[in-house]
Amino acid sequence: MSANPIRLGVNVLASGRHDAAWKTLPDAAALSTDIDHFTAIAKSAERALIDAIFLADGPGGLVTESHTRPWRALDPSILVAALSQHTQYVGLVATTTSLFGHPHTIARQIASIDHISRGRAAWNIITSQNPPSLGAFGVDKGWDQAERYERAREFVEIVTSLWSSLPIQAIEADAASHVYLNPARLRPIDFRGRHFASRGVLSVPESPQGRPVIFQAGQSADSKAFGARYADALFTGQRVLASAQAFYAETKRLAASFGRDPGQLLIMPGLFPILGSTDDEALRHKRALDDLLNTEALRAELARHLALEPADLADLDAPLPHAKIDANESIVPIASRWHRNEMLKEARTNGWNIRELMFSNITGGHRVYTGTPDGFARNIIEWVDGRGADGFNLNIDVQPAGLDLIADHVIPVLQRAGRYRHEYETRTLRGHLGLEPFRPGAVERLSA
């Protein structure tokens, strides 16, 4: 395999990334909790030799997406624990909050998953605080950007310290001396910050990987700095290669500024393939799915992103009203600007009209590729060789059928190009991703 191998994850959604996917599947009402369906997706990912499956999540209760598509109902930590018993190699990424609850709980959950999966667990850190999250945890008011990331840093510091607190060497199991666990070899923590505190030793021994892999998602300056300091891999959302290259270079520089090897921080943008045996077939497949969407609701969603009124987008085949869009930029909420700007960069690059932007996965946010498996594989290679990514987190249109297409038609192209494994070469997720085994003390500690 090439010295520059491609890393691939899969974002697991009950029906698939396309918002109309559920309308094409049988027994749609059961999708959000159907363990057999999730098992089929995990097995398809493993057949494709995918590095890891990723379960996104929000820490609160129901969100509005549940009104129009299957939602994320099951606790991702419990779901990946179940899937670990139906797979042997594929990595298992569980998303949990770093703002609510207590870090000791998360440290124990993720470390437990790493043991029962024999070294395939990862933690995806999120810092979201949307109204359902605040309401679910009884918080009246959220935190500003600086305080939010201060809470997240303390949370991660406690989790990672706890993961190293019970080294395998402490388990002596010496019957003659009546010593099972030698307390002299423990590394107890004693951390007290502004927001979280913890002391003692985690009850779960060190991970088979040294410690579970850490993923983090986000694009803001604070998020990049946070990820460059703590994460092993970043889930990102660039839709244009030039933007991806700038993000890639800046984040790798940030990693180096924290004393890290930039090669040990992977950048994996989201990518949404819609495939067919020809470009025309792929376009027809996409159109058939798009035709199942609620056009009026989607137009309203696009108008919200652009700070326009739906009436401003009445003629779907008209050019985008760029002058009005630019004039309204100042009233777009700061939290929405990055996503909006990436959408508009892609629209301008491709010369899209209103309809084309509206059906470009504005709800999921990630770049769509519509075409053949060969073309898709070439696009992946172009971005990786162009230093826009180390790999991708794939969003599949309809699960598991779309993932089977990846396994049967995309992976073989990458293999023939010498860019993808022919079989799993390691047992751990760190091994799959080419990450070095973790050494306690390798991450700079945050002072309490």
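Mentor: Let's start with Arg430, which lies in helix 15 (residues 429-433). Keep in mind that this is a predicted model.

Trainee: Why is Arg430 called buried?

Mentor: Buried means under 20% relative accessible area. Arg430 has 4% relative accessibility, so Arg430 counts as buried.

Trainee: Which residues does Arg430 touch, leaving out those up to four places away in sequence?

Mentor: Among them are Gln209, Arg211, Pro212, Val213 and Asp232, as well as Phe438.

Trainee: How do you know what span to expect for helix 13 (residues 373-385)?

Mentor: The expected span is 1.5 Å times one less than the number of residues. Helix 13 has 13 residues, and its reach of 18 Å from first to last C-alpha is close to the 18 Å expected. Its buried residues, including Phe376 and Trp383, pack against elements such as helix 7 (241-257) and helix 14 (401-416).

Trainee: What makes residues 441-448 a place for caution?

Mentor: There, pLDDT stays under 50. Where pLDDT is low, the predicted coordinates should not be read in detail. For the chain, the mean pLDDT is 94, and 98% of the residues reach 70 or more.

Terms used:
Residues numbered from 1 in each chain as written. Predicted model: local features only at pLDDT ≥ 70, side-chain atom pairs only at ≥ 80, totals over all residues. Heavy atoms only, no water. Helix = DSSP H or I, 4+ residues; strand = E, 2+ residues; numbered from the N terminus. Buried < 20%, exposed > 50% of the residue type's maximum accessible area, 1.4 Å probe, protein only. Contact = heavy atoms within 4.5 Å. pLDDT = per-residue confidence, 0-100.
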